[in-house]
Amino acid sequence: MVRVKLGGTLKTWAGGQTEFDVEATNIREVLDRLGEAHPRLKPLLEKGVAVAIDGEIYRNAWFQPVTPANEIYLLPMLAGG
Amino acid sequence: MQYEAPATIDAAVGLLSKAQGLARVLAGGTDLLVQLKSGTLEPDLVIDIKRIPEMTKLVAENGGFRIGAAVPCAVLGENAAVRKLWPGVVEAANLIGSTQIQGRATVVGNLCNASPAADSVPAMMAANAIATVAGPNGKREVPVGDIATAPGKTSLAKGEIVTSVFLPSRPAHSGDAYLRFIPRTEMDIAVVGVGVSLTLGDDGVCKAARVALGAVAARALLAEDAAKAIVGTKLDEKALAKLAEAASAACRPIDDKRGTKEFRIKVAGVLARRAAEKALERARGK
Amino acid sequence: MPLDPATQKIRAFDQVGTRPLRPDGLDKVTGRARFGADATAPGMLVGRILRSPHAHARIRSIDATKAEALPGVKAVVTSKDFADRSDDLRDILVNIMARGKALYEGHTVAAVAATSASVARKALKLIKVDYEVLPHVTDVDLAMEPDAPLLHDDLITSGVEPVPTKPSNIARKIEFGHGDVDKGFAEADLVVEREFKTEATHQGYIEPHACLASVGSDGQGELWVCTQGHYMVRDVCAQLLGMDVSKLRVTASEIGGGFGGKTTVFIEPVALALSRKAGRPVKVVMTRDEVFRASGPTSSTSMRMKIGVKKDGRITALDALLKYQGGAFAGAPVDYGGMAGVACYDYPNIRVVGYDVVTNRPKQAAYRAPGAPMTAFAVESVIAEIADTLKLDPIEMRLKNAAKEGTKSAYGPTFGPVGLVETLKAAKAHPNYKVKLGKNQGRGIASGFWFNFGGQTCVSLNLNIDGTLALAVGTPDIGGSRASMCLMAAEELGIPYENVRAIIADTSSLGYNDVTDGSRVTFASGMATIHAARDAIKKLCGRAAKVWGIPEEAVVWEKGFAKPSGANAGNFEPMSLKELAANAAKTGGPIAGHYEYNAENAGPSFATHVVDVEVDPETGFTKVLRYLVCQDAGKAVHPSYVEGQFQGGAVQGIGWALNEEYIYGADGRLQNAGFLDYRIPVASDLPMIDTAIVEVPNPGHPYGVRGVGETSIVPPMAAVSNAVSHAVGIRLTESPMSPPRILKALGEQAARKAG
Amino acid sequence: MAGTHVKTTINGDSVEYVCEADETLLDVLRNRLALTGAKEGCGTGDCGACSVTVDGRLVCSCLVLGVEAEGRNVATIEGLAQGEHLHPLQRKFLEHAALQCGICTPGFLVAAKALLEKNPDPSEHEIRFWLAGNLCRCTGYDKIVRAVQDAAAEMRGGRHAA
């Protein structure tokens with residue numbers, strides 16, 4: 001089980017809930033489990049979100065491992081200038 | 001669009017008089033080419049005056065200077081004698097645009113473009129400069145302040161062309177100055193411009209003064225009350241305060257992208273005072 | 001010294017950190033470099049665009065028959081030439097060619113291709129567009145009013161529960177934060193709350209958008225274009241035109257500035273459509289007027305910022321309301337404002353609510369740390385006011401609250417090693433901070449943050465017969481990155497910098513690369529280059545091993561030579577790169593290093609700026625006396641170009657602070673679409689821009705590199721505002737702080753004192 | 001539209017071309033003569049990227065008509081280096097990293113050369129005001145001003161030595 005936190009407005013699509021415990025060993029599994037649990041969140045997750053693992057931001061990295069020791073945050077997709 | 005580069009003033013006047021459709025004179029082209037580019041102006045005929053020898057000359061005349069209509073501002077700035085006699089006019093001319101613009105732009109072009117914000121015009125009005133106009137009916141002389149009538153409009157009749165501007169000689173203990181306000185340090189159009197010319201008596205009392213304001217009305221203005229405020233004084237604190245107040249009172253500005261009414265009114269007074277102080281310093285220096 | 005996670009060795013650098021000449025330099029000082037508008041093609045036509053004169057209008061009909069009949073006109077295109085779609089690209093499709101409605105002044109309505117510029121100009125005048133003019137709105141606060149003119153009938157605010165039933169101009173609501181702000185404010189000894197407004201600005205790159213498109217009847221196309229991302233251009237254009245991606249080859253020209261403004265498409269799909277229809281190459285170059293009216297400026301904003309502190313300056317809570325308008329389509333970077341704009345400090349309690357609002361203005365595009373400078377302006381202004389009120393040194397106040405390793409960021413995650421504290425200390429130690437100020441002068445401090453991105457990256461490093469190398473990179477070089485790539489390749493291989501030549505490969509020659517954005521290139525393409533060099537080294541060692549007849553593992557690479565790893569491996573003379581290259585054909589064929597990956601962990605960059613100004617109290621004119629940028633670069637690969645990024649960002653920010661703004665008339669038309677009245681800083685406006693490079697290594701990069709391009713624009717608006725406010729004794733809350741605005745504030749202050 | 005035949009000198013070479021009356025010198029240089037070193041950043045004389053000299057005078061070529069070049073002497077960025085020898089300004093711009101994107105560089109070099117011919121020892125203030133008509137959006141001007149100062153010093157030194 002890893003603990004996943006939703007940053008920002010994402011919680012709106014999860015009925016206001018901001019923290020979840022999911023069975024996952026990498027980012028892809030985190031996104032899949034969350035999407036299953038909250039179908040309204042699914043299209044947003046598919047469109048793209050950034051994932052911060054212990055403060056390091058991943059924009060596209062399905063297979064980045066996660067462990068129960070990690071701090072995992074989901075953030076809106078980022079773009080720059 | 002047809003392009004002509006006549007070799008004489010008569011030929012230029014002839015072309016202008018006979019022109020069908022829209023005709024424009026090309027001196028430095030720094031306003032005209034911008035208008036062509038934007039499509040706001042689509043002339044049928046453009047007459048380049050830079051091949052007319054007398055138009056390209058800057059000559060001493062009767063203790064003053066005659067500036068041909070095709071003389072670039074940079075040439076004016078490089079002439080030590082003109083700078084000495086009319087430093088305010090030269091500094092105004094040298095404020096028009098960048099170094100690159102200076103290499104092309106002319107004071108006569110600045111005058112005939114009839115922008116209320118033209119930098120050289122208030123300075124030339126303060127200097128009591130006279131424009132020479134050639135036309136189908138011969139030559140006439142006009143104070144520079146009477147050329148522009150409204151933004152983009154002049155008093156020139158069909159076929160008429162300003163061939164030169166004459167800066168007169170001046171008595172001892174005279175000085176002039178031009179200051180403008182722009183948001184940056186360069187490259188902007190004046191939000192307010194003030195030209196001041198004054199002459200002191202041997203006793204240091206101001207005998208004569210002319211104050212002209214740019215960018216605060218539909219065309220450059222002579223602020224007679226402002227001049228009156230310093231004539232007969234030694235430009236003491238009280239006279240300068242009165243000058244500033246009169247300069248502000250003379251403004252009839254608009255709000256636009258370059259500044260607000262209230263800003264222009266306030267700053268016109270500030271600059272009138274600073275320009276008068278600078279002109280005074282120059283008058284005393286002589 | 002940075003740790004190299006790949007080798008777990010602490011290393012010194014031979015070349016990284018030096019300042020060699022850039023490889024593209026000679027072409028750029030001789031006029032030979034080919035930019036967007038510098039290309040030609042046989043039979044090339046001139047493409048021109050017809051734009052809406054109205055801020056908001058229904059397009060009843062477009063009649064191009066007269067234009068099409070004009071001799072010399074070879075093609076006219078309108079929205080009918082682009083298939084409609086309902087996916088993510090629809091906004092871009094509608095932005096590049098109006099469908100049904102013109103949503104802003106300058107919105108593309110039609111385009112022509114003709115044999116000359118004058119014929120094209122005439123043709124535009126012959127296209128008759130029947131408009132029904134609609135009410136418009138350009139201000140963010142007015143656009144949020146319930147009775148505001150509506151841009152899109154189907155725009156329902158997202159991020160709101162319950163889902164609104166009626167459309168509005170509010171595209172999104174966003175929210176970030178943690179803790180309990182009410183509790184935080186209750187604990188505070190001082191609470192300051194202010195409202196702020198910032199006007200829209202433009203990236204102001206000197207090179208207008210330009211491209212040369214050529215599409216044949218066989219469906220194959222080529223596009224030459226100035227862009228920050230030619231793969232993005234290829235993929236978007238191919239989709240909008242219904243082409244196979246493989247059939248469109250895009251070449252990135254030299255690029256004359258972008259700053260985020262060239263991370264999307266405007267004229268490119270139009271040029272391709274014209275070329276396809278005309279059957280000839282078509283060049284489209286925007287005029288400066290078009291760049292201002294119809295490319296992608298940044299958001300204007302309206303904000304409320306409330307911060308509570310204890311007497312010692314420790315922040316107890318921050319509560320912010322951010323409203324960003326992003327032009328005619330959703331996408332204003334309010335979320336980055338809410339995340340990056342507040343990121344400098346450690347807040348026990350924070351709440352940021354933001355709105356992404358549409359208005360009748362051009363669709364905003366990214367601009368250097370998009371969204372961050374505006375919110376930072378509000379945060380840093382309030383921090384400065386608090387420091388003034390509590391009589392705290394502004395740097396000490398910031399140090400007390402500074403985000404550091406282990407701080408829970410405002411947007412959630414916990415920071416790793418970051419350099420804000422180091423930049424604050426560098427600022428405090430700098431001589432500029434100790435200069436005594438005179439009359440009408442003021443000093444301003446501000447800090448700033450940007451995330452930095454990694455992204456999809458792919459490079460190829462090919463060994464030539466003489467031992468030199470060709471490095472193919474896929475991220476357009478916008479400010480000297482080729483020099484940094486060559487430095488990193490040379491560092492790894494242990495060969496002279498001059499022996500590596502970097503080029504920006506076209507889309508058919510190298511795998512996909514994300515856009516040059518997010519300060520990612522030196523980080524991500526640099527890391528790819530390092531890995532590609534290591535890949536090549538592995539192969540080189542393999543070849544040497546074969547020649548020597550020893551196992552591959554027994555060969556090491558040192559400073560340009562393959563060597564036996566020790567006495568046991570055998571006694572062989574080191575083999576040079578040149579020798580290995582010369583023998584490549586005989587030892588197994590061409591030798592190359594490749595690397596493709598998705599770079600992550602870019603590592604954020606913080607900065608602190610210190611500025612001194614003098615304000616003329618009679619005119620409101622502000623003169624910048626001195627300016628200091630202290631920023632964390634992780635590791636500066638080419639320090640000259642790192643300084644250049646610091647200085648350039650600072651000056652763009654100074655322009656934003658003092659004079660740059662989009663000015664709209666009551667008619668919804670832009671009043672200042674040119675460099676005459678859109679006033680970017682000129683050389684005579686500025687002093688030298690002092691810099692201090694701070695290096696707190698990024699653990700996510702083998703050399704410790706952090707992106708540096710964007711952070712430098714985040715603090716200046718606030719720093720200048722704080723300096724001006726100190727000089728005149730009034731807190732200014734609107735940008736730009738132009739002379740009329742400052743003089744007005746001074747007048748109001750005088751009236752208050754008199755009253 | 002009838003074209004006008006123009007005979008002129010560009011970078012010391014005699015050149016002839018035909019252009020339309022409303023074409024700018026910049027258009028002629030770029031589109032007819034393949035001299036694309038001068039850039040169009042604005043077309044209104046506000047950015048200086050198209051700087052050239054005409055009879056030794058620094059101008060924006062976007063504000064000069066092509067037909068006006070008849071009988072004149074035009075110098076562009078392409079004529080700044082002598083064969084393989086770069087002008088000191090070109091070298092110093094490279095050494096000081098005085099360019100990032102490089103689009104404004106040709107204009108700055110042509111303008112700076114005109115400055116140093118007129119004033120071999122300009123102050124920082126004079127350099128900044130002379131170059132105020134050349135916009136650069138990348139560098140913040142710092143390194144450009146330093147490069148011009150350094151080139152001026154080298155050129156003065158060179159003259160003293162000679």
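Visitor: What share of the contacts in chain B between residues at least 6 apart in sequence join residues at least 24 apart?

Guide: It is 64%, where a contact means that the C-beta atoms of two residues, placed from the backbone, lie within 7 Å. One note before we go on: this is a predicted model, in which local features need pLDDT of at least 70 and side-chain atom pairs count only at pLDDT 80 or more, while totals for chains, interfaces and linings use all residues. Residues are numbered from 1 along each chain as its sequence is written, and chains are lettered from A and ligands numbered from 1 in the order in which they are written.

Visitor: Why does the radius of gyration of chain B agree with that of a compact globule?

Guide: The rule is 2.2 Å times the number of residues to the power 0.38, with the radius taken over C-alpha atoms. For 286 residues that gives a value near 19 Å, and chain B has 19 Å, so the two agree. Along its principal axes, the C-alpha trace of chain B spans about 55 × 45 × 35 Å.

Visitor: What percentage of the residues of chain B count as buried?

Guide: 57% of the 286 do. A residue is buried if 20 or more other C-beta atoms, placed from the backbone, lie within 10 Å of its own; 12 or fewer make it exposed, and anything in between partly exposed.

Visitor: How many helices and strands are there in chain B?

Guide: There are 11 helices and 14 strands.

Visitor: What makes β2 and β3 of chain B a pair?

Guide: Pairing takes at least two DSSP bridges between two strands. Strand β2 (residues 23–26) and strand β3 (residues 45–48) of chain B have 4, in the parallel sense, so they pass the cut-off. One of the bridges sets Arg24(B) against Val46(B) in β3(B).

Visitor: What lies between β4(B) and β5(B) in their hairpin?

Guide: The hairpin has 2 residues between its strands, and Asn62(B) in the turn has a positive phi of about 50°. Strand β4 (residues 58–61) and strand β5 (residues 64–68) of chain B pair antiparallel over 4 bridges, with Val59(B) opposite Arg66(B). β5(B) also runs antiparallel to strand β10 (residues 161–167) of chain B, again joined by 4 bridges; there Phe65(B) stands opposite Leu167(B).

Visitor: Which pair of chains has the most contacts?

Guide: Among the 4 pairs of chains that touch, it is C and D. That contact takes 42 residues from chain C and 44 residues from chain D. On the side of chain C, α18(C) gives the most, with 8 residues. This side divides into 20 nonpolar, 17 polar and 5 charged residues. Ala, Val, Leu, Ile, Met, Phe, Trp, Tyr, Cys and Pro count as nonpolar, Asp, Glu, Lys and Arg as charged, and the others, Gly among them, as polar.

Visitor: How far apart are the closest C-alpha atoms of chain A and chain B?

Guide: They lie 27 Å apart, and no contact joins these two chains. Chain A and chain D have no contact either, with their closest C-alpha atoms 14 Å apart.
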